[in-house]
Amino acid sequence: TEVAESHVLMRSPAGDELVLWDTPGFGDSVRLQRRLAASGQPIGWFLSQVWDRFADRAFWCSQQAMRAARDSADVVLYVVNATEDPTTAGYVEPELHILDWLGKPTLVLLNQIGTRLDEAHERELTEAWSAVLRRHDAEGTRRVLTFDAFARCWVQEGALLHALAGLMLGHQGAAFDRLHQAWQARRFE
C-alpha cells in the first residue's frame, strides 16, 4: 500500500459508518518514529513536509498516513506477525513509540497464527504481547486479539467487533453499537 485508502465496511440504518483505512506499513519504523517526534520543530517540519516528499516518497507517505490516523481515527488496528517474539523483534519498540505519538486506543491484531492454534498457545501469545504493551500503555487503551486475516470467519469478525466496542469512547459507543447490530442483522440474513 503506497497511500492511505478508505473502505466503508458497513453502514447502520441510522447512517453510522464503519470505515477501515488501509495505510502503508511503518517501513523504517526507527526513522519514522524519529521524524514524527521531530515534526513539531522547524527543521523537523521541513524534513517531513518538504524534503521527504521529494527525496523519499514512500517514507513521506508513511508519515502522512500516521498524521491522518492521529487526526481522524477513533481506533488503530495494529497488525503484527504473531510468529515473531515481541521482546526481540527490533521493530516493535519504535512502532510502540509511534502508537504513543498517535495517542489513540489500539487493538493489536496478532496475525499469521494459522488455523489451528490451541488455547494455551493463544493465551501465551496474547500475554507476551500484552506484557510488551503495558510498558507503553499507562491508560490501558491497548488490547490484544489473535486474528488470522487469511483464515478468518464470522466468529472472528464478531470477536473483532466485540474487542473494538471495548475501545470506543463516549458518543462513539452508541454509534458502534448500532454498527454491531447492523453487522449481526447482515450475518443472520
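The charged end of Arg31 sits over the ring of Phe59, at 3.7 Å from the ring centre. The model in which this arrangement occurs is predicted. Both residues also take part in the packing of helix H1 against helix H3, where Arg31 is contributed by H1 and Phe59 by H3. A further arrangement of this kind involves Arg187, whose charged end lies over the ring of Phe188, 4.5 Å from its centre. Aromatic pairs, by contrast, number zero in a search of the whole structure.

Two packed helices are described by the angle between their axes and the distance between the axes. For H1 and H3, the angle is about 55° and the axes are 11 Å apart. The crossing of H1 past H3 is right-handed. On the H1 side the contact is formed by Arg31, Leu32, Arg35 and Leu36, and on the H3 side by Phe59, Ser62, Gln63, Met66 and Arg67. Classified by residue type, the contact of H1 with H3 comprises four nonpolar, two polar and three charged residues.

Helix H1 (residues 29-38) also packs against helix H4 (residues 92-102), the axes coming within 8 Å and crossing at roughly 30°. Because angles under 35 degrees count as roughly parallel, H1 and H4 are assigned to that category. H1 passes H4 in a left-handed crossing.

Helix H3 (residues 57-72) is additionally packed against helix H2 (residues 42-55), with axes that come within 6 Å and cross at roughly 135°. The two helices are therefore oblique to each other. In H2 the contact involves Ser48, Gln49, Asp52, Arg53 and Ala55, which meet Arg57, Phe59, Trp60, Gln63, Gln64 and Arg67 in H3. By class, three nonpolar, four polar and four charged residues make up the contact of H2 with H3.

Note on methods: Residues numbered from 1 in each chain as written. Predicted model: local features only at pLDDT ≥ 70, side-chain atom pairs only at ≥ 80, totals over all residues. Heavy atoms only, no water. Axes fitted to C-alpha atoms, helices over the stretch in contact; angles between N-to-C directions. Helix = DSSP H or I, 4+ residues; strand = E, 2+ residues; numbered from the N terminus. Parallel < 35°, antiparallel > 145°, perpendicular 65-115°, else oblique. Contact = heavy atoms within 4.5 Å. Nonpolar A, V, L, I, M, F, W, Y, C, P; charged D, E, K, R; others polar. Phe/Tyr/Trp six-rings, centres within 6.5 Å; stacked < 30°, edge-to-face > 60°. Lys NZ or Arg CZ within 6 Å of the ring centre and 35° of its normal. Left-handed = near helix turned anticlockwise from the far one by under 90°.
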